[in-house]
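User: I'd like to learn how to read a fold from its model. Could you walk me through one, feature by feature?

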Amino acid sequence: MDRETDAMDWLPDDTTAPLAAALAYRAHGFRPIPIFAPAGRACSCRMGRSCQAAGKHPVLRGWQRSRANERTIHARWSAWPRANVGLVTGGPARLIVLDVDATKDGNRFMRSRCVTSLCPRP
Ligand SMILES: [Zn+2]
């Protein structure tokens with residue numbers, strides 16, 4: 001592994017429990033928030049199958065102003081243990097996200113444009 005990849009070794013993967021993932025992100029300076037999880041083709045929110053953002057929206061109102069210290073993270077994932085982990089982005093979070101949709105030729109695009117070792121391999 002190269003230095004860039006080694007620096008990312010702490011990143012949670014899809015086997016990491018949501019609470020552990022949220023704590024790992026917090027430990028590295030991010031602000032994790034609980035996100036409703038998908039439930040099959042539906043959303044785990046009260047809208048279920050009629051939710052237009054299934055598995056992609058925050059559980060909390062006012063999440064933009066919410067704190068994410070260890071106590072609040074434990075409390076939130078105790079209340080919603082199956083919630084996915086979202087990260088607050090933009091502005092003060094100093095985090096931007098590039099969302100590449102692999103089902104719409106995103107991997108080919110990334111291979112042609114990406115210049116770091118974290119890029120998808122052919
Ligand atoms: Zn929903």
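Predicted model: local features only at pLDDT ≥ 70, side-chain atom pairs only at ≥ 80, totals over all residues.

User: Okay, how many helices and strands does the protein have, and in what order do the elements run?

Analyst: There are four helices and four strands. Going from the N terminus, the order is α-α-β-β-β-α-β-α.

User: How do I read burial, and what share of the 122 residues counts as buried?

Analyst: Count neighbours: a residue is buried if 20 or more other C-beta atoms lie within 10 Å of its own, and exposed if 12 or fewer do. By that count, 16% of the 122 residues are buried. As for contacts between residues at least 6 apart in sequence, 57% of them join residues at least 24 apart.

User: Which residues make up the largest nonpolar core?

Analyst: The general idea first: in soluble globular proteins, nonpolar side chains tend to be buried together. Here the largest nonpolar core has 12 residues, among them Leu-23, Tyr-25, Ile-33, Phe-36, Cys-43, Trp-77 and Val-85. Helix 2 (18–27), strand 1 (32–35) and helix 3 (70–79) each give two or more residues to this core, and helix 2 gives the most, with three.

User: Where do the buried residues of helix 2 sit around its axis, and what do they pack against?

Analyst: In helix 2 the buried residues are Pro-18, Ala-22, Leu-23 and Tyr-25. They fall within an arc of 160°, so they line one face of the helix. Those residues pack against strand 1, helix 3 and strand 4 (84–87). Just after helix 2, Gly-29 takes a positive phi of about 90°.

User: And which residues of helix 3 are buried?

Analyst: Ile-73, Arg-76 and Trp-77 are. Their arc is 90°, so these buried residues line one face of helix 3. They pack against helix 2 and strand 1. Turned away from that buried side are the exposed residues Arg-71, Ala-75, Ser-78 and Ala-79.

User: What about His-74, then: where is its place, and how far is its C-alpha atom from that of Leu-23?

Analyst: His-74 belongs to helix 3. With 13 other C-beta atoms within 10 Å, His-74 is partly exposed. The C-alpha atoms of His-74 and Leu-23 are 8.4 Å apart, although 51 residues separate the two along the chain.

User: Now a strand. Which residues lie on each side of strand 1?

Analyst: In a regular strand the side chains alternate between the two faces of the sheet. In strand 1, Pro-32 and Pro-34 are on one side, Ile-33 and Ile-35 are on the other, and all are buried, leaving both faces covered. Leaving out residues up to four places away in sequence, Ile-33 touches Pro-58, Leu-60, Trp-63, Ser-66, Ala-68, Gly-86 and Val-88.

User: In what sense do strand 1 and strand 4 pair?

Analyst: They pair in the antiparallel sense, over four bridges.

Technical notes
Residues numbered from 1 in each chain as written. Contact = placed C-beta atoms within 7 Å. Core = buried A, V, L, I, M, F, W, Y, C linked by C-beta atoms within 7 Å. Arc of directions from axis to C-beta. Pairing = 2+ DSSP bridges.
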